[in-house]
Amino acid sequence: MVAQRENNMKAIQVVGPSQLEVVEIPTPEAGRDALVRVHRAGVCGTDVKVFKGQIPGPRPIVMGHEMVGTVVEPGSRGLVAAGERVLIDPATACGYCDLCRRGRPHLCRNGGLLGRDGDGVFSEFVVAPEEKLHVIPEGVSEDAASLLQVLGTCVHAQRAVSVFPTDTVVVIGLGVSGLLHVQLLVARGIDRLMGVTRSQWKLDLASEFGAAATATIESAEEGLANLSDGRGADLAVEAAGVEATLSQAIKLAGTGGEVLVFGTLTGGDQGLPYYDLYHKELTIYNPRAATPTDYDAGIALAARGRLRLDDLVTHRFAVDDGADAFQAVQESDSLKVVIDFSG
Ligand SMILES: [Zn+2]
Ligand SMILES: [Zn+2]
């Protein structure tokens, strides 16, 4: 039974720096768009930066861009029926600029992100254009479904790099996205894969997901030398988003290798190993967001049971405990933190 529209809904807003409020606001009118009832939403690093005021934008704003929900009122074209379970592609695009017209709407010059540049998905209902909906098949658990938006961005990133099953790959940083990269690379046939991070339990998880080797930051160079017969990595994935790990990725990459910068780096004062970039003739990829086909590929992988997504959800909170969710996501014992909006 699909929950029907209600006049008011709960939402989690940020009202000022590190000030979060669970509020009752009017349920939005769908107009020609679809009305979606949110089941669960995931909290990610971007939300934390919005919460803390490190990313400026309108206030108050409903946060959040990762969600799974059910269509309550279809849009005017009826592309997705009522009762279908969906995720919403959270990137907005103008459809008009040169990048949109070149088929790259995820790079839109006038685009934005739900929950950062406009109201997001941390609310009981969300309105979305029909073309932004991606149907999630039965058999994908609710926990797994709440990870499909992040997974789409990892799929998008991996489309950029050319990996072959015989390649040696290192993934630096084993949070949610790092562990998703590990799983995608194992699914692509990489058997010489090393996961690198500080905490032992995340290293254990990477091993469970199929990483052949794991190492701490300090032991990574030696571990990789063993794994690659001293050649270094054909592909080094940076999934922590700080300059120190990018620097390490450049160092661990072998001559002629590729570096995938997945984490979002801002600023930096470390002085990257520029000579290595030149001397090893490295190729660096820094992909952004995801395209619609990336979400569909991620959903298909999840539906076919190729990935272990449920293991990545470590904390669940009710909407009224939204502040605790933001606390938990900043603790090192958490991976994906989800907020339950289904009541
Ligand atoms: Zn995110
Ligand atoms: Zn555009």
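How many residues does helix α4 (residues 148–160) have, and how far does it reach from its first C-alpha to its last? Helix α4 has 13 residues and reaches 19 Å between those two atoms, close to the 18 Å expected at 1.5 Å a residue, where the expected span is 1.5 Å times one less than the number of residues. This is a predicted model, in which local features need pLDDT of at least 70 and side-chain atom pairs count only at pLDDT 80 or more, while totals for chains, interfaces and linings use all residues. Residues are numbered from 1 along each chain as its sequence is written, and chains are lettered from A and ligands numbered from 1 in the order in which they are written.

**Domains**
- The protein chain is divided into domain 1 (8–147 + 309–340) and domain 2 (154–285), with bounds that come from an automatic or database domain assignment.
- The centres of the two domains, taken over C-alpha atoms, are separated by 29 Å, and 5 residues of domain 1 are in contact with 5 residues of domain 2 (contact: C-beta atoms, placed from the backbone, within 7 Å).

**Helix α4**
- Of the 13 residues of α4, 11 are buried (20 or more other C-beta atoms within 10 Å of the residue's own, with C-beta atoms placed from the backbone), among them L148, C154 and Q158.
- The elements that cover these buried residues include β5 (66–73), α5 (176–187), β15 (253–261) and α10 (292–303); helices (H or I, at least four residues) and strands (E, at least two) are DSSP runs numbered from the N terminus.

**Nonpolar core**
- The largest nonpolar core has 102 residues, of which V36, V169, V170, V171 and A236 touch the most other members (a core is a set of buried Ala, Val, Leu, Ile, Met, Phe, Trp, Tyr and Cys residues joined through C-beta atoms within 7 Å).
- This core draws at least three residues from each of domain 1 and domain 2.

**Open sheet**
- Six strands form an open sheet in the order β13-β12-β11-β14-β15-β16, with parallel pairing (two strands pair if DSSP finds at least two bridges between them).
- β13 (213–215) and β16 (283–285) are at the edges with a single partner strand each, so one side of each has no neighbour in the sheet.
- Neighbouring strands are turned by 20 degrees against each other on average, direction ignored (axes are lines fitted to C-alpha atoms, for helices over the stretch in contact, and angles run from 0 to 180 degrees between N-to-C directions).
- Helix α7 (residues 220–227) packs on this sheet, touching β11, β12, β13 and β14, and its direction makes about 175 degrees with that of β12.

Note on methods
Buried ≥ 20, exposed ≤ 12 C-beta atoms within 10 Å, placed from the backbone. Contact = placed C-beta atoms within 7 Å.
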